[in-house]
Amino acid sequence: MDLRNKRITVGELLDNPRSKAVFQRRFGRFMNHPMVSAARTLSLDQLEEMASVYLPKKTIQETLKELEQL
């Protein structure tokens with residue numbers, strides 16, 4: 001999947017069934033959190049920066065790699 005240098009929005013990723021499935025599988029327990037819908041306008045780069053406070057860098061990198069391989 002073309003992540004457009006991490007400028008693709010979270011909303012675009014969540015609207016795509018394949019990339020949404022990646023998020024659901026990796027972060028299922030967080031997918032119903034109100035911040036998910038609030039984050040739809042964020043770029044993937046912005047999301048990565050925010051997530052780095054809560055998630056290990058390895059988890060983020062593995063997720064990005066999986067999205068790129070779609």
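A contact here means heavy atoms within 4.5 Å. Among contacts in the protein between residues at least 6 apart in sequence, 67% join residues at least 24 apart. The model is a predicted one.

**Overall build**

The protein has five helices and zero strands. From the N terminus on, its elements run α-α-α-α-α. The radius of gyration is 11 Å, close to the 11 Å that the globule rule gives for 70 residues, so the protein is as compact as a globular protein of that length. Some whole-protein values follow.

| Property of the protein | Value |
|---|---|
| Box filled by the C-alpha atoms, along the principal axes | roughly 25 × 25 × 20 Å |
| Accessible surface | about 5,000 Å² |
| Distance between the centres of the positive and negative side-chain sets | 5 Å |

Carbon and sulfur atoms hold 53% of the accessible surface. The charged side chains number 12 positive and 9 negative.

**The core**

Buried residues make up 30% of the 70 residues. In soluble globular proteins, nonpolar side chains tend to be buried together. Here, the largest nonpolar core has 16 residues. Those with the most contacts inside this core are Leu3, Ile8, Leu13, Leu14, Phe23, Leu44 and Leu67. Which elements give two or more residues to this core? They are α1 (10-15), α2 (17-27), α4 (44-51) and α5 (57-68).

Take Leu44, one of the residues with the most contacts inside the core. Not counting residues up to four places away in sequence, Leu44 touches Leu3, Lys6, Ile8, Leu13 and Leu64.

Note on methods: Residues numbered from 1 in each chain as written. Predicted model: local features only at pLDDT ≥ 70, side-chain atom pairs only at ≥ 80, totals over all residues. Heavy atoms only, no water. Helix = DSSP H or I, 4+ residues; strand = E, 2+ residues; numbered from the N terminus. Rg over C-alpha atoms; globule rule 2.2 N^0.38 Å. Buried < 20%, exposed > 50% of the residue type's maximum accessible area, 1.4 Å probe, protein only. Areas by Shrake-Rupley, 256 points an atom, 1.4 Å probe, with all protein chains shown as cover. Lys, Arg positive; Asp, Glu negative; His and termini not counted. Charge placed at Lys NZ, Arg CZ, Asp CG, Glu CD. Core = buried A, V, L, I, M, F, W, Y, C linked by side-chain atoms within 4.5 Å.
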